[in-house]
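Visitor: Could you give me a close look at how the inside of this one is packed? Take your time and walk me through it.

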Amino acid sequence: MATGSLRGVLKEYSSTLSVLLHVCDWVWIALTGWLAHWIYLGRPSLPGFYEAAILVGVLLAALVFPRFHVYRAWRGASLIEELRLITLSWATVVAALVFIAFVIKMGETYSRGWALIWAALAWFGLIASRILLRRLLKWMRARGFNQRRIVIVGADELGREVAARISAAPWTGLQVAGFFSDPDGPPETGVGPYPVIGSIGDLPAYVEREPVDQVWLALPLKEEEKVRDLLYALRHATVDIRFVPDLFGLRLINHSVTDVAGLPVMNLSMSPMEGFNRLIKGLEDRILALLILVLVSPLLVVIAVGVKLSSPGPVLFRQTRHGWDGREMRIYKFRTMVEHREEDGRVTQARRNDARVTPFGAFLRRTSLDELPQFVNVLQGRISIVGPRPHALAHNAFYKEHVDHYMQRHKVKPGITGWAQINGYRGETDTLEKMRKRVEHDLYYIENWSIWFDLKIILLTVFKGFVGRNVY
(Lines give C-alpha, C1' and ligand atoms only; values in the text may rest on other atoms or scores of the structure.)
Protein backbone atom coordinates (compact mmCIF):
# COMPACT_ATOMS: atom_id res chain seq x y z
CA MET A 1 0.00 0.00 0.00
CA ALA A 2 1.34 3.43 -0.94
CA THR A 3 2.29 5.90 1.78
CA GLY A 4 -0.35 8.37 0.61
CA SER A 5 -3.13 5.79 1.06
CA LEU A 6 -1.78 4.74 4.45
CA ARG A 7 -1.68 8.31 5.75
CA GLY A 8 -5.41 8.68 6.27
CA VAL A 9 -6.51 5.07 6.61
CA LEU A 10 -7.70 5.45 10.22
CA LYS A 11 -9.36 8.77 9.43
CA GLU A 12 -11.54 6.99 6.85
CA TYR A 13 -12.71 4.54 9.52
CA SER A 14 -12.72 6.91 12.49
CA SER A 15 -16.46 6.46 13.08
CA THR A 16 -16.17 2.67 13.13
CA LEU A 17 -13.17 2.77 15.44
CA SER A 18 -14.92 5.18 17.78
CA VAL A 19 -18.02 3.00 18.15
CA LEU A 20 -15.78 -0.03 18.59
CA LEU A 21 -14.11 1.70 21.54
CA HIS A 22 -17.54 2.48 23.01
CA VAL A 23 -18.62 -1.14 22.69
CA CYS A 24 -15.35 -2.45 24.13
CA ASP A 25 -15.84 -0.25 27.21
CA TRP A 26 -19.40 -1.49 27.70
CA VAL A 27 -18.41 -5.14 27.24
CA TRP A 28 -15.51 -4.77 29.67
CA ILE A 29 -17.71 -3.18 32.34
CA ALA A 30 -20.26 -6.01 32.01
CA LEU A 31 -17.55 -8.69 31.91
CA THR A 32 -15.80 -7.41 35.04
CA GLY A 33 -19.12 -7.31 36.89
CA TRP A 34 -19.61 -10.99 36.14
CA LEU A 35 -15.94 -11.81 36.86
CA ALA A 36 -16.05 -10.01 40.23
CA HIS A 37 -19.05 -12.15 41.21
CA TRP A 38 -17.17 -15.33 40.32
CA ILE A 39 -14.00 -14.22 42.12
CA TYR A 40 -15.59 -13.01 45.34
CA LEU A 41 -18.71 -15.13 45.68
CA GLY A 42 -17.37 -18.21 43.90
CA ARG A 43 -20.30 -18.62 41.52
CA PRO A 44 -20.17 -17.92 37.76
CA SER A 45 -23.97 -17.71 37.48
CA LEU A 46 -25.45 -14.30 38.26
CA PRO A 47 -28.70 -13.75 40.15
CA GLY A 48 -31.18 -11.48 38.38
CA PHE A 49 -30.63 -8.47 40.64
CA TYR A 50 -26.86 -8.62 39.96
CA GLU A 51 -27.54 -8.73 36.22
CA ALA A 52 -29.78 -5.69 36.61
CA ALA A 53 -27.05 -3.78 38.48
CA ILE A 54 -24.49 -4.56 35.77
CA LEU A 55 -26.92 -3.50 33.03
CA VAL A 56 -27.57 -0.20 34.80
CA GLY A 57 -23.80 0.30 35.15
CA VAL A 58 -23.32 -0.18 31.39
CA LEU A 59 -26.16 2.23 30.58
CA LEU A 60 -24.77 4.83 32.96
CA ALA A 61 -21.33 4.49 31.37
CA ALA A 62 -22.91 5.00 27.93
CA LEU A 63 -24.46 8.26 29.18
CA VAL A 64 -21.69 9.56 31.44
CA PHE A 65 -18.50 8.83 29.47
CA PRO A 66 -19.37 11.10 26.50
CA ARG A 67 -20.20 13.91 28.97
CA PHE A 68 -16.62 13.75 30.22
CA HIS A 69 -15.35 13.84 26.60
CA VAL A 70 -13.74 10.43 27.05
CA TYR A 71 -14.18 9.63 23.36
CA ARG A 72 -12.89 12.87 21.89
CA ALA A 73 -9.85 12.86 19.60
CA TRP A 74 -6.78 12.45 21.83
CA ARG A 75 -4.12 12.75 19.12
CA GLY A 76 -1.05 14.27 20.72
CA ALA A 77 -2.86 15.13 23.95
CA SER A 78 -1.64 14.27 27.43
CA LEU A 79 -2.03 10.64 28.54
CA ILE A 80 -2.38 11.83 32.13
CA GLU A 81 -5.33 14.04 31.17
CA GLU A 82 -7.03 11.16 29.35
CA LEU A 83 -6.55 8.80 32.30
CA ARG A 84 -7.82 11.48 34.68
CA LEU A 85 -11.05 11.84 32.71
CA ILE A 86 -11.47 8.06 32.52
CA THR A 87 -11.07 7.85 36.29
CA LEU A 88 -13.52 10.70 36.95
CA SER A 89 -16.12 9.32 34.58
CA TRP A 90 -15.98 5.78 36.04
CA ALA A 91 -16.05 7.21 39.58
CA THR A 92 -19.21 9.11 38.62
CA VAL A 93 -20.82 5.90 37.36
CA VAL A 94 -19.92 4.04 40.58
CA ALA A 95 -21.24 6.91 42.70
CA ALA A 96 -24.48 6.92 40.70
CA LEU A 97 -24.90 3.16 41.22
CA VAL A 98 -24.40 3.56 44.97
CA PHE A 99 -26.91 6.41 45.05
CA ILE A 100 -29.51 4.39 43.12
CA ALA A 101 -29.06 1.39 45.43
CA PHE A 102 -29.51 3.68 48.44
CA VAL A 103 -32.65 5.34 47.05
CA ILE A 104 -34.39 2.06 46.17
CA LYS A 105 -33.22 0.53 49.48
CA MET A 106 -31.33 -2.37 47.91
CA GLY A 107 -27.87 -1.57 49.23
CA GLU A 108 -27.92 -4.54 51.61
CA THR A 109 -28.87 -6.86 48.76
CA TYR A 110 -25.48 -6.61 47.06
CA SER A 111 -22.10 -7.81 48.32
CA ARG A 112 -19.80 -4.89 49.12
CA GLY A 113 -16.78 -7.01 48.27
CA TRP A 114 -18.25 -7.74 44.84
CA ALA A 115 -18.93 -4.04 44.25
CA LEU A 116 -15.39 -3.03 45.22
CA ILE A 117 -13.77 -5.72 43.05
CA TRP A 118 -16.02 -4.81 40.11
CA ALA A 119 -15.16 -1.10 40.44
CA ALA A 120 -11.43 -1.84 40.67
CA LEU A 121 -11.33 -4.37 37.79
CA ALA A 122 -13.36 -2.14 35.49
CA TRP A 123 -11.20 0.91 36.26
CA PHE A 124 -7.98 -1.06 35.70
CA GLY A 125 -9.22 -2.38 32.34
CA LEU A 126 -10.36 1.05 31.15
CA ILE A 127 -6.99 2.54 32.04
CA ALA A 128 -5.04 -0.34 30.49
CA SER A 129 -7.08 -0.17 27.27
CA ARG A 130 -6.14 3.50 26.74
CA ILE A 131 -2.46 2.82 27.35
CA LEU A 132 -2.48 -0.14 24.95
CA LEU A 133 -4.42 1.85 22.36
CA ARG A 134 -1.84 4.64 22.48
CA ARG A 135 0.97 2.15 22.04
CA LEU A 136 -0.83 0.59 19.07
CA LEU A 137 -1.41 3.99 17.44
CA LYS A 138 2.21 4.93 18.06
CA TRP A 139 3.34 1.73 16.34
CA MET A 140 0.98 2.33 13.39
CA ARG A 141 1.96 5.98 12.96
CA ALA A 142 5.63 5.05 12.94
CA ARG A 143 4.80 2.91 9.89
CA GLY A 144 2.94 5.63 7.99
CA PHE A 145 -0.64 5.00 9.12
CA ASN A 146 -3.02 7.70 10.41
CA GLN A 147 -0.84 10.73 9.60
CA ARG A 148 -1.98 14.37 9.45
CA ARG A 149 -0.20 16.78 7.13
CA ILE A 150 0.17 20.27 8.59
CA VAL A 151 1.68 23.59 7.58
CA ILE A 152 2.95 26.15 10.08
CA VAL A 153 2.38 29.87 9.65
CA GLY A 154 5.28 31.75 11.19
CA ALA A 155 8.93 30.85 10.62
CA ASP A 156 10.35 32.74 13.60
CA GLU A 157 11.35 31.38 17.00
CA LEU A 158 7.85 30.25 17.95
CA GLY A 159 7.32 28.43 14.65
CA ARG A 160 10.69 26.69 15.00
CA GLU A 161 9.75 25.60 18.51
CA VAL A 162 6.49 24.14 17.23
CA ALA A 163 8.24 22.18 14.47
CA ALA A 164 10.92 20.94 16.85
CA ARG A 165 8.39 19.63 19.35
CA ILE A 166 6.32 17.92 16.68
CA SER A 167 9.45 16.35 15.22
CA ALA A 168 10.38 15.08 18.70
CA ALA A 169 6.93 13.47 19.13
CA PRO A 170 6.38 11.21 16.07
CA TRP A 171 3.73 9.28 18.02
CA THR A 172 1.32 12.16 17.41
CA GLY A 173 1.15 11.26 13.71
CA LEU A 174 1.68 14.89 12.67
CA GLN A 175 3.84 15.66 9.63
CA VAL A 176 5.14 19.18 9.03
CA ALA A 177 4.95 19.90 5.30
CA GLY A 178 6.61 23.30 5.59
CA PHE A 179 6.34 26.91 6.70
CA PHE A 180 4.67 30.07 5.52
CA SER A 181 6.71 33.05 6.59
CA ASP A 182 5.89 36.63 7.49
CA PRO A 183 6.58 38.80 4.41
CA ASP A 184 7.79 41.57 6.75
CA GLY A 185 10.58 39.35 8.10
CA PRO A 186 13.89 38.35 6.53
CA PRO A 187 13.58 36.08 3.46
CA GLU A 188 14.21 32.40 4.19
CA THR A 189 14.25 29.28 2.04
CA GLY A 190 14.07 26.75 4.85
CA VAL A 191 13.71 26.23 8.59
CA GLY A 192 15.85 23.28 9.56
CA PRO A 193 14.74 20.30 7.46
CA TYR A 194 11.48 21.99 6.45
CA PRO A 195 11.03 24.26 3.42
CA VAL A 196 9.53 27.73 3.51
CA ILE A 197 6.75 27.19 0.98
CA GLY A 198 5.89 30.85 0.59
CA SER A 199 4.66 33.93 2.37
CA ILE A 200 1.42 34.15 4.34
CA GLY A 201 -0.37 35.54 1.29
CA ASP A 202 0.34 32.30 -0.59
CA LEU A 203 -1.35 30.11 2.02
CA PRO A 204 -5.01 30.16 0.83
CA ALA A 205 -4.09 29.04 -2.69
CA TYR A 206 -1.74 26.36 -1.34
CA VAL A 207 -4.39 24.94 1.01
CA GLU A 208 -6.88 24.77 -1.83
CA ARG A 209 -4.37 23.11 -4.16
CA GLU A 210 -2.51 20.67 -1.87
CA PRO A 211 -3.66 17.90 0.52
CA VAL A 212 -3.35 19.75 3.84
CA ASP A 213 -5.21 18.53 6.94
CA GLN A 214 -4.40 21.33 9.37
CA VAL A 215 -3.02 24.87 9.42
CA TRP A 216 -1.18 25.87 12.61
CA LEU A 217 -0.82 29.58 13.27
CA ALA A 218 2.37 30.07 15.29
CA LEU A 219 2.17 33.81 15.73
CA PRO A 220 2.70 36.08 18.76
CA LEU A 221 -0.39 37.31 20.58
CA LYS A 222 0.42 40.89 19.56
CA GLU A 223 -0.19 39.86 15.92
CA GLU A 224 -3.95 39.60 16.47
CA GLU A 225 -4.68 41.76 13.43
CA LYS A 226 -2.55 39.49 11.25
CA VAL A 227 -4.36 36.44 12.66
CA ARG A 228 -7.71 38.06 11.93
CA ASP A 229 -6.67 38.83 8.35
CA LEU A 230 -5.41 35.30 7.86
CA LEU A 231 -8.63 33.77 9.16
CA TYR A 232 -10.53 35.98 6.74
CA ALA A 233 -8.27 34.85 3.88
CA LEU A 234 -8.96 31.22 4.85
CA ARG A 235 -12.72 31.69 5.17
CA HIS A 236 -13.32 29.52 2.08
CA ALA A 237 -11.06 26.71 3.30
CA THR A 238 -12.44 23.69 5.14
CA VAL A 239 -9.16 22.56 6.73
CA ASP A 240 -8.83 22.53 10.50
CA ILE A 241 -7.19 25.71 11.78
CA ARG A 242 -5.27 25.78 15.06
CA PHE A 243 -3.67 28.68 16.83
CA VAL A 244 -0.46 28.14 18.84
CA PRO A 245 -0.15 31.30 20.94
CA ASP A 246 3.15 32.25 22.53
CA LEU A 247 2.07 31.16 26.02
CA PHE A 248 5.06 29.12 27.15
CA GLY A 249 5.90 31.68 29.86
CA LEU A 250 2.30 32.19 30.98
CA ARG A 251 -0.19 30.25 33.03
CA LEU A 252 -3.52 30.51 31.28
CA ILE A 253 -6.88 28.99 32.17
CA ASN A 254 -8.89 28.73 28.99
CA HIS A 255 -11.24 25.95 27.94
CA SER A 256 -10.42 26.48 24.27
CA VAL A 257 -6.78 25.53 24.84
CA THR A 258 -5.78 21.90 24.36
CA ASP A 259 -2.45 20.21 24.82
CA VAL A 260 -0.84 18.62 21.75
CA ALA A 261 2.70 17.29 22.04
CA GLY A 262 3.24 19.58 25.00
CA LEU A 263 2.04 22.65 23.07
CA PRO A 264 -0.87 24.90 24.11
CA VAL A 265 -3.14 24.81 21.05
CA MET A 266 -6.37 26.76 20.46
CA ASN A 267 -8.96 25.18 18.20
CA LEU A 268 -10.29 27.97 15.99
CA SER A 269 -12.17 26.20 13.24
CA MET A 270 -13.11 22.56 13.78
CA SER A 271 -16.01 20.43 12.57
CA PRO A 272 -18.21 18.89 15.28
CA MET A 273 -18.74 15.82 13.09
CA GLU A 274 -15.80 13.73 14.18
CA GLY A 275 -15.57 10.33 15.82
CA PHE A 276 -18.70 9.21 17.67
CA ASN A 277 -20.64 12.37 16.74
CA ARG A 278 -20.20 11.49 13.08
CA LEU A 279 -21.48 7.95 13.66
CA ILE A 280 -24.51 9.08 15.68
CA LYS A 281 -25.38 11.70 13.05
CA GLY A 282 -25.10 9.08 10.29
CA LEU A 283 -27.34 6.62 12.14
CA GLU A 284 -29.89 9.33 12.87
CA ASP A 285 -30.00 10.34 9.20
CA ARG A 286 -30.29 6.86 7.70
CA ILE A 287 -32.82 5.47 10.17
CA LEU A 288 -35.14 8.48 9.87
CA ALA A 289 -34.70 8.76 6.09
CA LEU A 290 -35.53 5.09 5.56
CA LEU A 291 -38.60 5.35 7.82
CA ILE A 292 -39.83 8.50 6.06
CA LEU A 293 -39.33 7.04 2.57
CA VAL A 294 -41.29 3.93 3.50
CA LEU A 295 -44.14 6.02 4.92
CA VAL A 296 -44.36 8.45 1.97
CA SER A 297 -43.71 5.96 -0.86
CA PRO A 298 -47.34 6.08 -2.11
CA LEU A 299 -47.17 9.88 -2.09
CA LEU A 300 -43.93 9.78 -4.10
CA VAL A 301 -45.68 7.83 -6.84
CA VAL A 302 -48.60 10.30 -6.96
CA ILE A 303 -46.26 13.31 -7.10
CA ALA A 304 -44.12 11.70 -9.82
CA VAL A 305 -47.22 11.20 -11.99
CA GLY A 306 -48.31 14.80 -11.32
CA VAL A 307 -44.91 16.19 -12.35
CA LYS A 308 -44.93 14.11 -15.54
CA LEU A 309 -48.38 15.38 -16.49
CA SER A 310 -47.63 19.02 -15.57
CA SER A 311 -45.10 19.63 -18.36
CA PRO A 312 -42.69 17.73 -20.64
CA GLY A 313 -39.43 16.69 -19.05
CA PRO A 314 -37.96 14.40 -16.39
CA VAL A 315 -39.66 13.79 -13.05
CA LEU A 316 -36.55 14.57 -11.03
CA PHE A 317 -34.48 17.74 -11.05
CA ARG A 318 -30.76 17.09 -10.55
CA GLN A 319 -28.26 19.74 -9.60
CA THR A 320 -24.62 19.80 -8.51
CA ARG A 321 -24.04 21.52 -5.17
CA HIS A 322 -21.36 21.75 -2.52
CA GLY A 323 -21.49 19.24 0.30
CA TRP A 324 -19.38 18.47 3.34
CA ASP A 325 -15.89 20.04 3.21
CA GLY A 326 -16.88 21.84 0.01
CA ARG A 327 -16.93 18.67 -2.12
CA GLU A 328 -19.33 18.65 -5.04
CA MET A 329 -22.35 16.32 -4.99
CA ARG A 330 -25.61 15.73 -6.85
CA ILE A 331 -28.98 16.32 -5.20
CA TYR A 332 -32.47 15.28 -6.30
CA LYS A 333 -35.78 17.13 -6.14
CA PHE A 334 -39.08 16.80 -7.92
CA ARG A 335 -38.99 19.08 -10.96
CA THR A 336 -41.18 22.15 -10.38
CA MET A 337 -40.27 24.26 -13.42
CA VAL A 338 -40.57 23.88 -17.15
CA GLU A 339 -37.33 22.73 -18.72
CA HIS A 340 -35.05 25.65 -19.52
CA ARG A 341 -31.37 26.44 -19.82
CA GLU A 342 -29.55 29.47 -18.44
CA GLU A 343 -26.45 30.92 -20.04
CA ASP A 344 -22.99 31.52 -18.58
CA GLY A 345 -23.53 29.07 -15.71
CA ARG A 346 -25.99 31.38 -13.98
CA VAL A 347 -28.62 30.00 -11.62
CA THR A 348 -31.56 32.36 -11.11
CA GLN A 349 -33.49 31.87 -7.88
CA ALA A 350 -37.24 31.37 -8.11
CA ARG A 351 -39.17 34.57 -7.56
CA ARG A 352 -42.76 35.39 -6.79
CA ASN A 353 -44.97 34.64 -9.83
CA ASP A 354 -41.98 33.09 -11.62
CA ALA A 355 -43.14 32.10 -15.12
CA ARG A 356 -40.85 29.07 -15.11
CA VAL A 357 -42.72 27.40 -12.24
CA THR A 358 -45.60 25.15 -13.28
CA PRO A 359 -48.92 25.35 -11.35
CA PHE A 360 -48.33 21.87 -9.91
CA GLY A 361 -44.72 22.83 -9.21
CA ALA A 362 -45.86 25.92 -7.30
CA PHE A 363 -47.96 23.68 -5.04
CA LEU A 364 -44.99 21.37 -4.46
CA ARG A 365 -42.71 24.29 -3.61
CA ARG A 366 -45.21 25.91 -1.21
CA THR A 367 -45.63 22.64 0.69
CA SER A 368 -41.95 21.56 0.37
CA LEU A 369 -43.10 18.27 -1.18
CA ASP A 370 -40.53 18.81 -3.94
CA GLU A 371 -37.87 18.10 -1.29
CA LEU A 372 -38.93 14.49 -0.65
CA PRO A 373 -36.46 12.85 -3.10
CA GLN A 374 -33.63 14.34 -1.05
CA PHE A 375 -34.22 11.61 1.53
CA VAL A 376 -32.62 9.34 -1.08
CA ASN A 377 -29.60 11.65 -0.92
CA VAL A 378 -29.63 11.17 2.84
CA LEU A 379 -29.52 7.38 2.45
CA GLN A 380 -26.61 7.83 0.03
CA GLY A 381 -24.73 9.78 2.71
CA ARG A 382 -24.52 12.95 0.61
CA ILE A 383 -26.63 15.16 2.86
CA SER A 384 -28.25 15.06 6.31
CA ILE A 385 -31.83 15.58 7.36
CA VAL A 386 -30.72 18.58 9.46
CA GLY A 387 -27.99 20.97 8.38
CA PRO A 388 -27.35 24.13 6.36
CA ARG A 389 -29.32 24.09 3.13
CA PRO A 390 -27.13 23.37 0.07
CA HIS A 391 -26.92 26.21 -2.44
CA ALA A 392 -26.23 26.12 -6.15
CA LEU A 393 -22.55 26.35 -7.11
CA ALA A 394 -23.07 29.73 -8.77
CA HIS A 395 -24.63 31.10 -5.59
CA ASN A 396 -21.73 29.81 -3.49
CA ALA A 397 -19.25 31.46 -5.84
CA PHE A 398 -21.06 34.78 -5.44
CA TYR A 399 -21.91 34.79 -1.74
CA LYS A 400 -18.55 33.56 -0.47
CA GLU A 401 -17.08 36.85 -1.70
CA HIS A 402 -19.80 38.96 -0.10
CA VAL A 403 -20.76 37.21 3.16
CA ASP A 404 -18.09 36.62 5.81
CA HIS A 405 -17.50 32.99 6.82
CA TYR A 406 -19.98 31.83 4.19
CA MET A 407 -18.07 28.66 3.28
CA GLN A 408 -17.84 27.60 6.93
CA ARG A 409 -21.39 26.31 6.40
CA HIS A 410 -19.72 23.33 4.74
CA LYS A 411 -18.07 22.18 7.97
CA VAL A 412 -21.00 19.75 8.22
CA LYS A 413 -23.17 17.99 5.67
CA PRO A 414 -25.91 20.15 4.17
CA GLY A 415 -29.45 19.31 5.21
CA ILE A 416 -33.05 19.17 4.02
CA THR A 417 -34.09 21.39 6.90
CA GLY A 418 -32.10 23.53 9.32
CA TRP A 419 -32.04 26.13 12.07
CA ALA A 420 -32.15 28.94 9.51
CA GLN A 421 -35.18 27.50 7.74
CA ILE A 422 -37.38 27.11 10.83
CA ASN A 423 -36.49 30.68 11.80
CA GLY A 424 -37.87 31.98 8.52
CA TYR A 425 -34.68 32.28 6.47
CA ARG A 426 -35.57 30.14 3.49
CA GLY A 427 -36.66 30.77 -0.05
CA GLU A 428 -35.36 33.67 -2.14
CA THR A 429 -32.44 35.68 -0.75
CA ASP A 430 -32.82 38.84 -2.79
CA THR A 431 -30.63 40.90 -0.42
CA LEU A 432 -27.23 40.25 1.14
CA GLU A 433 -28.71 40.84 4.58
CA LYS A 434 -31.06 37.88 4.17
CA MET A 435 -28.14 35.63 3.25
CA ARG A 436 -26.08 36.97 6.17
CA LYS A 437 -28.92 36.06 8.52
CA ARG A 438 -29.17 32.60 7.00
CA VAL A 439 -25.43 32.04 7.37
CA GLU A 440 -25.53 33.39 10.93
CA HIS A 441 -28.15 30.78 11.86
CA ASP A 442 -26.27 28.02 10.02
CA LEU A 443 -23.08 28.77 11.92
CA TYR A 444 -25.01 28.86 15.20
CA TYR A 445 -26.26 25.35 14.42
CA ILE A 446 -22.73 24.10 13.69
CA GLU A 447 -21.32 25.64 16.87
CA ASN A 448 -24.10 24.24 19.06
CA TRP A 449 -24.80 20.90 17.39
CA SER A 450 -26.17 18.02 19.41
CA ILE A 451 -28.50 15.12 18.68
CA TRP A 452 -31.15 16.89 20.79
CA PHE A 453 -30.77 20.07 18.74
CA ASP A 454 -31.36 18.00 15.59
CA LEU A 455 -34.51 16.43 17.03
CA LYS A 456 -35.77 19.87 18.10
CA ILE A 457 -35.29 21.21 14.56
CA ILE A 458 -37.06 18.18 13.05
CA LEU A 459 -40.00 18.64 15.42
CA LEU A 460 -40.25 22.37 14.70
CA THR A 461 -40.03 21.65 10.96
CA VAL A 462 -43.20 19.55 11.22
CA PHE A 463 -45.09 22.56 12.59
CA LYS A 464 -43.57 25.52 10.77
CA GLY A 465 -40.79 24.43 8.45
CA PHE A 466 -42.71 23.13 5.43
CA VAL A 467 -44.23 26.43 4.38
CA GLY A 468 -43.08 30.04 4.53
CA ARG A 469 -43.84 33.47 3.19
CA ASN A 470 -40.65 33.45 1.07
CA VAL A 471 -41.30 30.05 -0.53
CA TYR A 472 -42.48 30.27 -4.14
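Guide: Let's start with the contacts, meaning heavy atoms within 4.5 Å. Among those in the chain between residues at least 6 apart in sequence, 74% join residues at least 24 apart. A word on ground rules: this is a predicted model, where local features need pLDDT of at least 70 and side-chain atom pairs count only at pLDDT 80 or more, while totals for chains, interfaces and linings use all residues. Residues are numbered from 1 along each chain as its sequence is written, and side-chain values use heavy atoms, with hydrogens and water left out.

The chain has 472 residues, and 46% of them are buried (under 20% relative accessible area, with exposed being over 50% and partly exposed in between, using a 1.4 Å probe and protein chains only). There are 16 helices and 12 strands, taken as DSSP runs numbered from the N terminus: H or I of at least four residues for helices, E of at least two for strands.

Now for the inside. A nonpolar core here is a set of buried Ala, Val, Leu, Ile, Met, Phe, Trp, Tyr and Cys residues joined through side-chain atoms within 4.5 Å. The largest one holds 32 residues, and Phe375, Tyr406, Tyr445 and Ile457 have the most contacts inside it. Several elements supply at least two residues each, including helix 10 (276–310), strand 10 (328–334), helix 12 and helix 16 (451–464). The biggest giver is helix 15, with five residues. Zoom in on Ile457: leaving aside residues up to four places away in sequence, Ile457 touches Val386, Thr417, Gly418, Trp419, Ile422 and Tyr445. There's also a second, separate core of 24 residues, with Ile54, Leu97, Ala119 and Leu126 among them. In soluble globular proteins, nonpolar side chains tend to be buried together.

Charged residues can be tucked away too. Asp370 sits in the loop between helix 11 (359–367) and helix 12 (374–380). Asp370 is buried yet makes no salt bridge, and the nearest side chain of opposite charge, Lys333, is 4.5 Å away. (A salt bridge needs a side-chain nitrogen of Lys or Arg within 4 Å of a carboxyl oxygen of Asp or Glu; Lys and Arg count as positive, Asp and Glu as negative, with His and the chain ends not counted.) Besides Lys333, Asp370 touches Phe334, Thr336, Leu364 and Arg365, again not counting residues up to four places away in sequence.
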